[in-house]
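Colleague: I am new to this structure. Please take me through one part of it closely.

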Amino acid sequence: SGASLMPAASSLSRRQLATSALLAPAALALSEGVLVGAGVAHAAEPASLPIYFGCGCFWHVQHEFVLTERKVLGRKDAELTARAGYAGGLRTGQDGKVCYHNLLRDSDYGKLGHAEAVALRIPPSKLPDFARLYFSLFVPYSFPGKTILERNDPQDAGPEYRSLLGLPGGVNSPLFGDIEAAAEGKWKLVEGKGNEPDTLLKRTVYVMDSDKFPFFPAEVYHQFHNDFKGPAYGREYNAIRDLLLTSGEIKPTGCPDMF
């Protein structure tokens with residue numbers, strides 16, 4: 001039989017595995033202050049660069065960027081800026097909302113053309129570290145005669161899981177060279193125009209101008225969530241959500257608090 005893109009760990013989609021028992025009863029908004037970034041004492045320069053990255057399910061991606069914020073920037077839990085959310089679409093729903101799939105069909109991010117992404121704010125000089133981390137999230141799959149790099153959850157297929165990243169100015173940013181260097185010529189970096197199709201098997205990453213295609217934070221229950229594959233990240237990681245909710249760093253979005 002032919003090789004399969006399905007990782008051995010799971011052949012089920014996140015939607016099949018996720019249950020309402022995992023969800024917190026609130027929804028989230030990322031205040032402008034958080035997206036712009038709170039002051040971080042450990043950073044050698046201001047955390048003045050807002051950026052986002054998407055590569056399949058945002059639960060896994062957020063966890064990896066949290067680890068990198070800690071390692072590269074020395075950030076403590078209260079200083080973490082990585083947030084799960086949505087980006088890359090041309091429209092918003094009622095009242096400017098962008099929401100996860102829900103029974104009320106309220107401002108569904110997929111129908112609005114958005115993909116799952118993780119936003120954070122970093123010092124510009126640290127972009128190479130975070131860009132390298134992003135491209136390392138693509139994992140190898142072996143086929144007869146060749147090996148490809150693809151997101152680690154290809155069973156979640158569709159435009160909602162396409163590969164994209166966003167920074168001010170997009171491909172015209174003076175920092176775009178750092179993205180190209182991190183990609184090492186292994187991906188096609190294509191200027192994003194919004195509402196792009198899935199990138200599965202295309203080895204393509206859409207580069208969005210985040211000034212034109214802003215990031216919309218996901219609901220509270222999606223923040224600091226365990227991935228649906230592999231072991232749980234642990235209660236200490238999950239508790240960051242409550243810490244930042246209590247401090248006001250994350251706030252309700254007005255989206256439904258259930259699938």
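Colleague: Is strand 3 buried or exposed, and which strands does strand 3 pair with?

Modeller: First, a caution: this is a predicted model. Now to strand 3, which covers residues 83-87. Five of its five residues are buried, so strand 3 is largely enclosed by the rest of the structure. In a regular strand, side chains alternate between the two faces of the sheet. Here, Arg 83, Gly 85 and Ala 87 point one way. Ala 84 and Tyr 86 point the other way. Both sets are buried.

Next, the partners. Strand 4 spans residues 115-122. Strand 3 pairs with strand 4 in the antiparallel sense, over five bridges. Ala 87 sits opposite Ala 115 of strand 4. Strand 10, residues 216-217, is joined to strand 3 by two bridges. That pairing is antiparallel too. Gly 85 has Pro 217 of strand 10 as its bridge partner.

Now the helices. Helix 3 (residues 58-73) packs against helix 4 (residues 127-136) at an angle of about 150°. Their axes lie 11 Å apart. Angles over 145 degrees count as roughly antiparallel, so that is how helix 3 and helix 4 are described. The crossing is right-handed. Helix 3 brings Glu 64, Phe 65, Thr 68, Glu 69, Val 72 and Leu 73 to the contact. Helix 4 brings Asp 129, Phe 130, Leu 133 and Tyr 134. By class, this contact has six nonpolar, one polar and three charged residues.

Notes:
Residues are numbered from 1 along each chain as its sequence is written. This is a predicted model: local features need pLDDT of at least 70, side-chain atom pairs count only at pLDDT 80 or more; totals for chains, interfaces and linings use all residues. Side-chain values use heavy atoms; hydrogens and water are left out. Axes are lines fitted to C-alpha atoms, for helices over the stretch in contact, and angles run from 0 to 180 degrees between N-to-C directions. Helices (H or I, at least four residues) and strands (E, at least two) are DSSP runs, numbered from the N terminus. Angles under 35 degrees count as roughly parallel, over 145 as roughly antiparallel, 65 to 115 as roughly perpendicular and the rest as oblique. A crossing is left-handed if the near helix is turned anticlockwise from the far one by less than a right angle, and right-handed if clockwise. Contact means heavy atoms within 4.5 Å. Ala, Val, Leu, Ile, Met, Phe, Trp, Tyr, Cys and Pro count as nonpolar, Asp, Glu, Lys and Arg as charged, and the others, Gly among them, as polar. Buried means under 20% relative accessible area, exposed over 50%, partly exposed in between (1.4 Å probe, protein chains only). Two strands pair if DSSP finds at least two bridges between them.
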